[in-house]
Protein chains: 4
Amino acid sequence: MKATATMFVTGPDQRGLVARVANFIFENNGNIVHSDHHIDTESKLFLTRVEWELDGFRIPRQEIGSKFAPIAEAMQMSWELHFSEERGRVAIFVSRYEHCLYDLLMRHAAGELHGNVALVVSNHPDLQPLAEHFRVPFHVFPITAATKKEQEGKELALLEEHRIDLIVLARYLQVFTPEFVARYPNRMINIHDSFLPAFVGAGPYRQAHERGVKLIGATSHYVTDQLDDGPIIEQDVMRVSHRDTVEDLKRKGRDLERVVLARAVRLHLEHRVLAYGRKTAVFD
Amino acid sequence: MKATATMFVTGPDQRGLVARVANFIFENNGNIVHSDHHIDTESKLFLTRVEWELDGFRIPRQEIGSKFAPIAEAMQMSWELHFSEERGRVAIFVSRYEHCLYDLLMRHAAGELHGNVALVVSNHPDLQPLAEHFRVPFHVFPITAATKKEQEGKELALLEEHRIDLIVLARYLQVFTPEFVARYPNRMINIHDSFLPAFVGAGPYRQAHERGVKLIGATSHYVTDQLDDGPIIEQDVMRVSHRDTVEDLKRKGRDLERVVLARAVRLHLEHRVLAYGRKTAVFD
Amino acid sequence: MKATATMFVTGPDQRGLVARVANFIFENNGNIVHSDHHIDTESKLFLTRVEWELDGFRIPRQEIGSKFAPIAEAMQMSWELHFSEERGRVAIFVSRYEHCLYDLLMRHAAGELHGNVALVVSNHPDLQPLAEHFRVPFHVFPITAATKKEQEGKELALLEEHRIDLIVLARYLQVFTPEFVARYPNRMINIHDSFLPAFVGAGPYRQAHERGVKLIGATSHYVTDQLDDGPIIEQDVMRVSHRDTVEDLKRKGRDLERVVLARAVRLHLEHRVLAYGRKTAVFD
Amino acid sequence: MKATATMFVTGPDQRGLVARVANFIFENNGNIVHSDHHIDTESKLFLTRVEWELDGFRIPRQEIGSKFAPIAEAMQMSWELHFSEERGRVAIFVSRYEHCLYDLLMRHAAGELHGNVALVVSNHPDLQPLAEHFRVPFHVFPITAATKKEQEGKELALLEEHRIDLIVLARYLQVFTPEFVARYPNRMINIHDSFLPAFVGAGPYRQAHERGVKLIGATSHYVTDQLDDGPIIEQDVMRVSHRDTVEDLKRKGRDLERVVLARAVRLHLEHRVLAYGRKTAVFD
């Protein structure tokens, strides 16, 4: 695997955007390995992801941004730059359900995720042995209505100390304050145990059972102020029948939750997810 | 294919139900070819579907019901009896979208549906040539707010005249009055162009596009007074991405609508769907 | 929908390919609406699909090829150029099964396919009424071992006369001679009624039933000399169980065959399929 | 969860089978909670699974078999009897890939499997820490061509000592001798990393990549003498594209392998799988 740089570029559609970006890379002797350019015709927005090999690229990494900035500015483009060598630093938040945490740590150990799980945070001590098995530091911050704000402050300090890039809510059953959420825009991924927007909020499997649906789902999304309303990254479903009890739905749902969350985390860490407005473009 | 009888039996769970039903058939020399017995543990309800060959069965068809009735009564069971030789008589209601109508008539012509499509009813004349190609009578009843009640009366008269057993709403965009709906309880199947309960009501593909979902769905259900709220028979989904416009969702959705509606109609006509409460048991 | 040009470019991977192509378009005042560039790391091959608006483009359509040719030659690139205004001319070959033909003609009538179905060819007269309903000319060429070569000659003459771009084998049960196949390389799409490479050849549903598989499939692929071995364009599967007879598999399989073939035809006609070696890249 | 008994009954189809079985249970005061009766019309075989509550049942557990035997004999029926209280004892065989082992042990710890994982056997020591984390004994039996027979003897002794009911091959890369296989007929479940019968044998993901398939699959099956040819219990597939390298296929495939194997193991342990001939009936 050669070292690459990946750039997201977005902005109002206009002639020459692909050429400008491609030329910037070519003229500096970069070799584009993937390039995907899409125009959202409704919002007149262009969405580009381009990845090129850094071997032989004439601009040093730390100067690429400043060299590209004037080009972007001239065309009113927003951009993000990532390097394949910089693995995202991840904090996993979890309550008592273990399946998503197991899954993520197992994938992490297997090298499936392009990131480093730096720590696990929980409002309960139950899953400490699991984190320890995978040799990941585990921190407990019990939360009550009275202590939430204060505890979030401590959590934020911890996250900053570890320079966390991505927060993964792996069945973390606390709702964050808007202040906390505002600190990690499009960098906090939640798994909701339903096919959103169906069954928002608590007890989605019970809701699904009562409604008599024939498929259950799971949804991973970026967290916003609005409960279960952030940009969706990935969804999947599974067939159920009248024979399935609520417990069966929960069991089947766990398999969905694990893979849907893991896919979203992997896509984010590989810089394949671009949030725009209420949506995401997923370049897979 | 030998002639068979199919019986649905439901009621409060108690000992000996399967044995009573099986014995009734065995003692009269019937051979059970399928039998499926399920207990809904939450509602303490048993749900049974049993199918047996009529060849050699000692009770004539027209007397089976009256002979079984006392057994059922003794155990507070509800029951339905169907014969494989009696093909359900179907009326398809449609507005201007043709894909579901084409699909159903094509399957009907191919012998896939265990029923006879006796007529097509529409509030627009547009699809008359399609019905004629398949040699199915086509009736137009234009509907306005002012004429709806009167037109429904004429439709009901037509349905009765043709002894219709099942109404299929193949993208029929009018809402029926509660009086009409009450005449065909669990005998009117609708296709809704979303994964219910997400995106109830009008414009589900636009709603789905705005929410940025990664899967779209379709739902077939029995019609009740409550819009898009009846017992669900079948659902399915299809993957979409940020590249799909609303028009793409509609195109992809048509494929979903066709198969999801056709599956529900086929299951109903083969007497494999048992509605109970807000749900269905599907014995497939 | 604005008029666009679409170009496929392939060749040995080297620096600057994306930039060269993007510049060619930009310098002539074209606006790229989609661009997708992929490198097949094993074969060191780059695969590009780029689509741009022709409105304002400085090179007239008929000269774009000759202007691009020297650029391509300098970099050993192969290329194909298509215009959105030129709808592919399609001939559908069919035997006696009607489901795929119905499906394609229905989609054609609904405007789903970016092409014109110019004619239907069959070795049997059975489906003539179906073609006539959709007002598509129908030609019968009965085939026996003795007459095959001669009949293929007549078919080829007919295809040339109608300037056919794409042949769709919609359950056409004759095998073509290698000479015929050689005339339409990567322009003849077949639907095979299994998940290839499982169950090559005749009777795949019976084979599947005997093997006791839990999913059945369908595969659309370009036709090559080798039976059922051409580059795969699209595949899909459906769940089955021990309850399904061979007839049930065939019925379920028809739904698969229809959609899998239709997707492949649509993708081809929108110039989203690029065959390379034994494979295809599908830019969807 | 009340204690139940589950019986599989198979044999040549004849009148009164359901009634005989149902009566046996009813007359002894059992309450049937699930009953599923199917006739395989091709082989004229009936396949029944019936489950009833033992609470109040008049025959003691250890005598149920001997009381039912004469009824079965009279009708040439084969049968199996299981009690919900008797959890199957499982041995997991594994080589070096850890994902299936993690998955099974995680589910076991979460109470998802109706069985007890008594031990893990491997031909390599690598996964010992994993087994220890879940507090399951781990045994290493290195295998070479020369030692296979002898080592299998030791393995068999260990399995007998622990009264193992089910062997799960969770990516165990050794082929057993026919003698070993003969000891656990329909009690040894393998996971094969392809959609069988496509890509039998070694390197299925590489084979899939070379063939350019658009879906990859996994298959769980009972082990027989014939490689990858035993009765299939469960299969599933996942979409792939030309962008996926062989490594991507392997990564995606691991997710398939885990869930497909886990579903098969769960179904077997809940006595929902009935092998007959080359196939299985799955009562789910």
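Begin by selecting A:Ile92, B:Ile92, C:Ile92 and D:Ile92, which touch the most other members among the 188 residues of the largest nonpolar core, a core being a set of buried Ala, Val, Leu, Ile, Met, Phe, Trp, Tyr and Cys residues joined through side-chain atoms within 4.5 Å; buried means under 20% relative accessible area, exposed over 50% and partly exposed in between, with a 1.4 Å probe and protein chains only. The model is predicted, so that local features need pLDDT of at least 70 and side-chain atom pairs count only at pLDDT 80 or more, while totals for chains, interfaces and linings use all residues. Residues are numbered from 1 along each chain as its sequence is written, chains are lettered from A and ligands numbered from 1 in the order in which they are written, and side-chain values use heavy atoms, with hydrogens and water left out.

Stay with C:Ile92 and show what surrounds it: apart from neighbours within four places in sequence, its contacts (heavy atoms within 4.5 Å) are C:Leu101, C:Leu104, C:Leu105, C:Val117, C:Leu119, C:Val120, C:Val121, C:Val168 and C:Ala170. A second, separate core of 52 residues includes A:Ile39, C:Val18, C:Ile32 and C:Val33.

Next, select the open sheet of chain C, where seven strands follow the order β7-β6-β5-β8-β9-β10-β11 with mixed pairing; strands (E, at least two residues) and helices (H or I, at least four) are DSSP runs numbered from the N terminus, and two strands pair if DSSP finds at least two bridges between them. At the edges stand β7 (138–140) and β11 (232–239) of chain C, each with a single partner strand, so one side of each has no neighbour in the sheet. Neighbouring strands here are turned by 20° against each other on average, direction ignored. Within the sheet, β5 (residues 88–94) and β6 (residues 115–122) of chain C run parallel and are joined by seven bridges, and C:Asn116 in β6(C) is the bridge partner of C:Arg89. Helix α5 (residues 148–161) of chain C lies across β5, β6, β7 and β8 (166–169) of that chain, running at about 160° to β6(C), where axes are lines fitted to C-alpha atoms, for helices over the stretch in contact, and angles run from 0 to 180 degrees between N-to-C directions.

Then turn to helix α1 (residues 17–27) of chain C, in which eight of the 11 residues are buried, among them C:Val18, C:Val21 and C:Phe24. Its buried residues pack against α1 (17–27) and β2 (31–40) of chain A as well as β1 (4–12), β2 (31–40), β3 (45–53) and α2 (61–74) of chain C. After the helix comes C:Asn29, with a positive phi near 70°.

For another helix pair, select α1 (residues 17–27) of chain B and α1 (residues 17–27) of chain D, which pack at an angle of about 140° with their axes 8 Å apart. The contact is made by B:Val18, B:Ala19, B:Arg20, B:Ala22, B:Asn23 and B:Phe26 together with D:Val18, D:Ala19, D:Arg20, D:Ala22, D:Asn23 and D:Phe26.

Finish in chain B with strands β12 (residues 273–276) and β13, which pair in the antiparallel sense over four bridges, B:Tyr276 standing opposite B:Lys279. Two residues lie between the strands of this hairpin, and B:Gly277 takes a positive phi near 60°. Both faces of β13(B) (residues 279–282) are covered, with B:Lys279 and B:Ala281 buried on one side and B:Thr280 and B:Val282 buried on the other.
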